[in-house]
Amino acid sequence: MILTNALRTLISKAGAYRAVFAAWNRTNIRSATSVGSGAGSARPPQVTDKNSRPPLQDHGGCPIIQRVHSLASHVKSTFDFHWSLNNDDRLPAAKRQAALRFLAPALKLAETATQVRCLDAGCGDGVHLSVLEAEAGPTTVCTGLDISRAALGKALAVGQGNWRLIQGDVGMLPFADNSFDLTISFGVLAYTGQPWQGLAELCRVTRPGGLVGVWFSPKPSGGTRRVLSVVRTLARVIGPFWRSRLADLIVPFLPILPTVSGISLFNASWRQCREVVLVNIAPPTLMYPTQDEVEVEITRCSVQLEWRDPEMPITIWARKT
Ligand SMILES: C[S@@+](CC[C@H](N)C(=O)[O-])C[C@H]1O[C@@H](n2cnc3c(N)ncnc32)[C@H](O)[C@@H]1O
């Protein structure tokens, strides 16, 4: 009885914490300036209608999408929270290494092209754009899109103002058809609640002959799945403050925990580790498609499968036909 009451109180407090946090987050977004380089950064925020597609942009502007559908707004506040806890702008070497491996097909494309217009949808701190720019050189024109403004703030620092950064939803990309030579999305679609819509959007904005590259986390199995499921249930009810403390407790164990992305955080900072833990223990929503499901869905989008990484599931590259 006492335990039930205590649990009820905890759950009701979690709701209150969430409401306070959401209000705080909304205020911050409204008062923030747009994220991006050049003339785009001076634009006033644009409010788009709840269910409509954001205005189409060519390569000159940075729309600020403040209202997205309710799931996306929950995803946004969760990721804003995660990214705002990680204020370390140094990208861990292992993260760059994993990005380099993922980007191998893209770098081949860049070798032969005079210019590569690249979109990273769900760019986070911009690790993939950064590696692409470093490896492919000045032929790359980088656009990063993320639902979280806090993530874009980090990408802004990493890209040193050279990239166009847009706050938006991968499920409703604010770009015209065929706008990019290369479209990537690493570890993003599974969090969106509508991964196939996002996948279709990635393919839509890629030009014929261009490449689309995606990475999904495979489903954890056995003991890992069971432990993760208990920790996630706990993380859902305890509210943001205790969730961060729970993540802090897990951080020291990261080097010995199984990772599927191939990214070892051994030399990463505490804050970076905590952000990764939070994404895993408190995903706003998360699904685990199989490799086959991703392949079936992507081939519905006028593309041909080009490459899958057998050692790093689920890595899929396709060429738009
Ligand atoms: C696990 S992180 C991966 C970030 C980055 N791709 C990387 O590899 O480091 C997932 C990212 O997807 C972003 N995200 C989640 N849902 C999104 C959506 N519907 N549209 C755009 N970005 C989204 C989050 O804000 C977060 O930055």
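Visitor: Is Asn178 buried or partly exposed?
Guide: Asn178 is partly exposed, because 14 other C-beta atoms lie within 10 Å. Keep in mind that this is a predicted model.

Visitor: Where is Asn178 found?
Guide: Asn178 is in the loop between S3 and S4. Its phi is near 60 degrees, which is a positive value in a residue other than glycine.

Visitor: And Asp177, where is its place?
Guide: Asp177 also has its place in the loop between S3 and strand S4 (180-186). Asp177 counts as exposed, because it has 12 C-beta neighbours inside 10 Å.

Visitor: What does Asp177 touch, not counting residues up to four places away in sequence?
Guide: Asp177 touches Arg204 and Val205. As for Cys203, it is 26 residues from Asp177 in sequence, and the two are 8.7 Å apart in space, C-alpha to C-alpha.

Visitor: What about Gln160, buried or exposed?
Guide: Gln160 counts as exposed, because it has 10 C-beta neighbours inside 10 Å. You'll find Gln160 in the loop between H6 and S3. Phi of Gln160 is positive, near 50 degrees, and the residue is not a glycine.

Visitor: Let's zoom out. How many helices and strands are there in the protein?
Guide: The protein has 11 helices and 7 strands. Of its 321 residues, 42% count as buried. Among contacts with a separation of 6 or more, 70% come from residues 24 or more positions apart.

Visitor: Okay, strands. Why is S2 largely enclosed?
Guide: Strand S2 (residues 140-146) has 6 of its 7 residues buried, so the rest of the structure largely encloses it.

Visitor: Which way do S1 and S2 pair, parallel or antiparallel?
Guide: Strand S1 (residues 116-121) pairs with S2 in the parallel sense, over 6 bridges.

Visitor: How many bridges join S2 to S3?
Guide: There are 4 bridges between S2 and strand S3 (residues 164-167), and the two run parallel. Thr143 is opposite Arg164 in S3. The chain gets from S2 to S3 through H6, in a right-handed β-α-β crossover.

Visitor: Back to H5. Why is that helix largely enclosed?
Guide: In H5, 8 of the 10 residues are buried, so the helix is largely enclosed by the rest of the structure. The buried residues include Val127, His128 and Leu129.

Visitor: What do the buried residues of H5 pack against?
Guide: They pack against helix H3 (93-102), helix H4 (104-112), S1, S2, H6 and S4. After H5 comes Gly137, with a positive phi near 80 degrees.

Visitor: How many residues does the largest nonpolar core have?
Guide: That core has 60 residues, and Ala106, Cys118, Leu132, Ala155, Leu182 and Val214 have the most contacts inside it. Helix H6 (residues 149-159) gives the most to this core, 6 residues. Apart from that core there is another, of 9 residues, with Ala268, Val277, Leu278 and Ala282 among them.

Visitor: What is Cys118 in contact with, leaving aside neighbours within four places in sequence?
Guide: Its contacts include Leu129, Leu132, Val141, Phe180 and Leu182.

Visitor: Now S5. Which strand pairs with S5 in the parallel sense?
Guide: S4 does, over 6 bridges. Thr183 has Val212 in S5 as its bridge partner. From S4 the chain crosses through helix H7 (residues 195-205) to S5, and this β-α-β crossover is right-handed. Strand S7 (residues 315-320) pairs with S5 in the antiparallel sense, over 5 bridges.

Visitor: What kind of peptide bond joins Pro313 and Ile314?
Guide: A cis peptide bond, with omega about -5 degrees. Ile314 lies in the loop between strand S6 (303-308) and S7.

Visitor: Last one: how many residues surround the ligand?
Guide: The ligand has 21 residues around it, and the closest are Phe79, Gly122, Gly124, Ile147 and Ser148. By class, this shell has 12 nonpolar, 6 polar and 3 charged residues. Helix H2 (residues 70-85) provides the largest share, 3 residues.

Key. Residues are numbered from 1 along each chain as its sequence is written. This is a predicted model: local features need pLDDT of at least 70, side-chain atom pairs count only at pLDDT 80 or more; totals for chains, interfaces and linings use all residues. A residue is near a molecule or strand if its C-beta atom, placed from the backbone, lies within 6 Å of it. Ala, Val, Leu, Ile, Met, Phe, Trp, Tyr, Cys and Pro count as nonpolar, Asp, Glu, Lys and Arg as charged, and the others, Gly among them, as polar. A nonpolar core is a set of buried Ala, Val, Leu, Ile, Met, Phe, Trp, Tyr and Cys residues joined through C-beta atoms within 7 Å. A residue is buried if 20 or more other C-beta atoms lie within 10 Å of its own, exposed if 12 or fewer, and partly exposed in between; C-beta atoms are placed from the backbone. Two residues are in contact if their C-beta atoms, placed from the backbone, lie within 7 Å. Two strands pair if DSSP finds at least two bridges between them. A crossover is right-handed if, with the strands pointing away from the viewer, the path from the first strand over the helix to the second runs clockwise.
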